[in-house]
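User: Please explain the terms applied to the ligand site in this structure, setting each value against its definition.

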Amino acid sequence: MSSRVAVALVSFMLLALASCAREEGAAEIEARLRAARADSVALAEAQYDASAFDTLSWQNQEARLERGRVVWNHSCARCHGYDGEGNGELAQQMGVEVPSFLRAEWPLAGDVPAMRHAIYVGHESVMPNWGLQGLSYRDMDAAAAHIDQLTRSDQQ
Ligand code: HEC
């Protein structure tokens, strides 16, 4: 075997080994990330205080929805899409499935308290836990009101 062929063979084997190690590493990192996110969902769950929403007051529903649109466009639409269909740019880039809020059987439809809870605690896969990310109860309430409006076709 010529030394050039030997060098090529060894390089190929090293490359193959490196890419195996990389794949294993990526899966391991993903598993660890998911476990860490599950921990922070549990932490958010423990800190969540549903009664904090009872003390909020809005000048009127329009003010609440206006704030909701701002929060939505700034923090949510990149994954959920502007109209809540789940086709946001970032979701597409990340290759993640974001469920559409507009589908007929969406379990949280019409349930603003459940939406606020989901926004606060997030999900171990992708959805950030906004309660731990510093989004205020007021902004979570506004975002939930906005989603509620998006999903009520009679108001569009
Ligand atoms: C990085 C992408 C991303 C961003 C940003 C994001 N979400 Fe999500 N969201 C998701 C995904 C994906 C899910 C589905 C659960 C999962 O797989 O993590 C989800 C789930 C939800 C749910 C629960 C849906 C259900 O059926 O249980 C609500 C409500 C929600 N998001 C609201 C919001 C709001 C409000 C914001 C902005 C403050 C936001 N999301 C920002 C990706 C995102």
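Analyst: A polar side-chain atom of His80 lies 2.7 Å from a nitrogen atom of the ligand. The model is predicted, with local features requiring pLDDT of at least 70 and side-chain atom pairs pLDDT 80 or more, while totals for chains, interfaces and linings use all residues. Residues are numbered from 1 along each chain as its sequence is written, and side-chain values use heavy atoms, without hydrogens and water.

User: Which protein atoms are donors of the iron atom of the ligand?

Analyst: Donors here are N, O and S atoms within 2.8 Å of the metal (3.2 Å for Na, K and Ca). His80 (NE2) and Met127 (SD) lie 2.0 to 2.2 Å from the iron atom, so both qualify. His80 is in helix α2 and Met127 in the loop between α4 and α5, 47 residues apart.

User: Why is the arrangement around the iron atom called octahedral?

Analyst: Six donors count as octahedral if opposite donors are over 155 degrees apart and all others between 65 and 115. The six donor atoms subtend angles of 86 to 178°, and the arrangement is therefore octahedral.

Methods: Polar contact = N/O pair within 3.5 Å; in protein donor to acceptor, adjacent residues only side chain to side chain. Tetrahedral: all angles 85-135°; square planar, octahedral: opposite > 155°, others 65-115°. Helix = DSSP H or I, 4+ residues; strand = E, 2+ residues; numbered from the N terminus.
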